[in-house]
Amino acid sequence: MPSQIFRHERVAIRVTADEPALAWLREFGTPGLVHDPRAHAAYGVTLRVDAARYAELARVAAGAPGRGTPCFALDTRVVTLPRHDEGGRPVLDDARYGVFHRVLADGVEIVAAPGPRAGRLPLLRVVREIVSEALLRSPDRVQLHAAAVAVDGRATLFAAGKGAGKTTLLAHRLLAGGASYVANDRVVVRLAADSAEVAGLPTVVSVRPGTIDRLARLVDGVPHVEHPSHHSIDELAAARATHPPFPLGERLRLTPAQWCVQVGAAPVEHARIEAIVVPSIDASVGTHAVERLSHAEAAAALGRALYGG
């Protein structure tokens, strides 16, 4: 199988998979995770779609007393997967996505059951977790639950937890034009003596029905397929011929690259932080209101926006 090196800041990973999965990952990684063939990869991740090997691992898992092992850090929880050992190496059973993760000395092998676009999202999750864990070893890095846009290299963050309106604000700002996309939900901030720089970690862009009701352009040209975010831009375009348009009233999940197409914005890998907005939803406010936070209020708000906090 072909392999390519992907890099986020200084962390590089060699990914081995079939070419459609690699092409999808190149798109999904936009803009923080870049294809960089010159980088030195310290980690390796392989996606292997193999019915016989998957069945073999499933038989072993069925007869083993799997114990829960923390694996993937999400915004408010850590995903725990059942674990058994094979040849002294941990094997993690991710039944939701139909894969096993074999933890190796220098990386991870993902064994997927055959199926359309099999193993793609687990591949992204493993790569992202390796990048996140490696970056956060540095004391000058912090990970926030935030969306971000940039204008002329200067970034504005929308930092808050779920349901605070980050994606809606992000969509409004990008649709207005003149700004580039940095991230939709998860960022790594690099702190320096007199500045801070932000880069996005790739995540699915999840758009709630209420946001789509206000901004119907977000679904223009999107076919009603299962898991649009598991498709590449070209695969999604091809599906328009065989699937009806995406309906209003459903949650839409897109890759960052698909999102940039829908909002007409270019992605940018990183930018210097100029401002931080802490959004919240208040039914008593007619349209919107802006309040300046004190240093103590801002510190408390950013503490609540720490990823996993």
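Let's start with Asp152, which counts as exposed because its relative accessibility is 71%, over the 50% cut-off. This is a predicted model, and in it Asp152 sits in the loop between strand 10 (141-151) and strand 11 (154-159). Its phi is positive, about 55°, although Asp152 is not a glycine.

You'll find Glu9 in the loop between strand 1 (3-8) and strand 2 (11-16). With 22% relative accessibility, Glu9 counts as partly exposed.

## A cis bond and a tucked-in proline

Most peptide bonds are trans. The one joining Thr30 and Pro31 is cis, with omega at about -5°. Pro31 belongs to the loop between helix 1 (19-28) and strand 3 (34-35).

Now for Pro228, in the loop between helix 5 (209-214) and helix 6 (233-239). Is Pro228 buried or exposed? It is buried, since its relative accessible area is 7%, under the 20% cut-off. Setting aside neighbours within four places in sequence, Pro228 touches Leu236, Leu252, Arg253, Leu254 and Gln258. Take Leu252: it is 24 residues from Pro228 along the chain, yet their C-alpha atoms are separated by 7.9 Å.

Arg125 has two partners to look at. Its side chain meets that of Asp94 in a salt bridge, at 3.3 Å from N to O. Arg125 lies in helix 3 (residues 120-135) and Asp94 in strand 7 (residues 89-94), so this pair ties together parts that are 31 residues apart in sequence. Both Arg125 and Asp94 are buried. The charged end of Arg125 also sits over the ring of Phe72, 4.5 Å from the ring's centre.

Phe72 and Asp94 turn up again among the contacts of His101, along with others including Leu81, Pro90, Val108 and Pro122. His101 is part of strand 8, and it counts as buried because its relative accessibility is 2%.

## Aromatic pairs

How many aromatic pairs does the structure hold? There are 2 aromatic pairs. One of them joins Tyr54 and Phe100 in a tilted arrangement, 5.1 Å centre to centre with 50° between the planes. This pair links distant parts of the chain: Tyr54 is in helix 2 (residues 51-62) and Phe100 in strand 8 (residues 99-104), 46 residues apart. Tyr54 and Phe100 are both buried.

Arg7 is in strand 1 and Glu269 in the loop between helix 7 (256-263) and strand 17, so the pair ties together parts that are 262 residues apart in sequence. Glu269 is partly exposed, at 26% relative accessibility.

Glu133 and Arg137 also form a salt bridge, at 2.9 Å from N to O. Here Glu133 is partly exposed, with a relative accessible area of 43%, whereas Arg137 is exposed at 55%. There's a network of salt bridges too, linking Arg48, Arg53, Glu56, Glu86, Arg102 and Glu109.

## A nonpolar patch outside

Finally, look at the surface: Ile276, Val278 and Leu293 form a nonpolar patch there, with about 210 Å² of accessible area together. Ile276 lies in strand 17 (residues 270-277) and is partly exposed, with a relative accessible area of 39%.

How values were computed. Residues are numbered from 1 along each chain as its sequence is written. This is a predicted model: local features need pLDDT of at least 70, side-chain atom pairs count only at pLDDT 80 or more; totals for chains, interfaces and linings use all residues. Side-chain values use heavy atoms; hydrogens and water are left out. Helices (H or I, at least four residues) and strands (E, at least two) are DSSP runs, numbered from the N terminus. Buried means under 20% relative accessible area, exposed over 50%, partly exposed in between (1.4 Å probe, protein chains only). Contact means heavy atoms within 4.5 Å. Patches are made of residues with over 30% relative accessible area and no salt bridge: like charges are joined within 9 Å, nonpolar side chains (Val, Leu, Ile, Met, Phe, Trp, Tyr) within 5 Å. Accessible areas come from the Shrake-Rupley method with a 1.4 Å probe; for residues, only the protein chains shown count as cover. A salt bridge is a side-chain nitrogen of Lys or Arg within 4 Å of a carboxyl oxygen of Asp or Glu. Rings of Phe, Tyr and Trp (its six-membered ring) pair if their centres lie within 6.5 Å; planes under 30 degrees apart count as stacked, over 60 as edge-to-face and the rest as tilted. A charge sits over a ring if NZ of Lys or CZ of Arg is within 6 Å of the ring centre and within 35 degrees of the ring normal.
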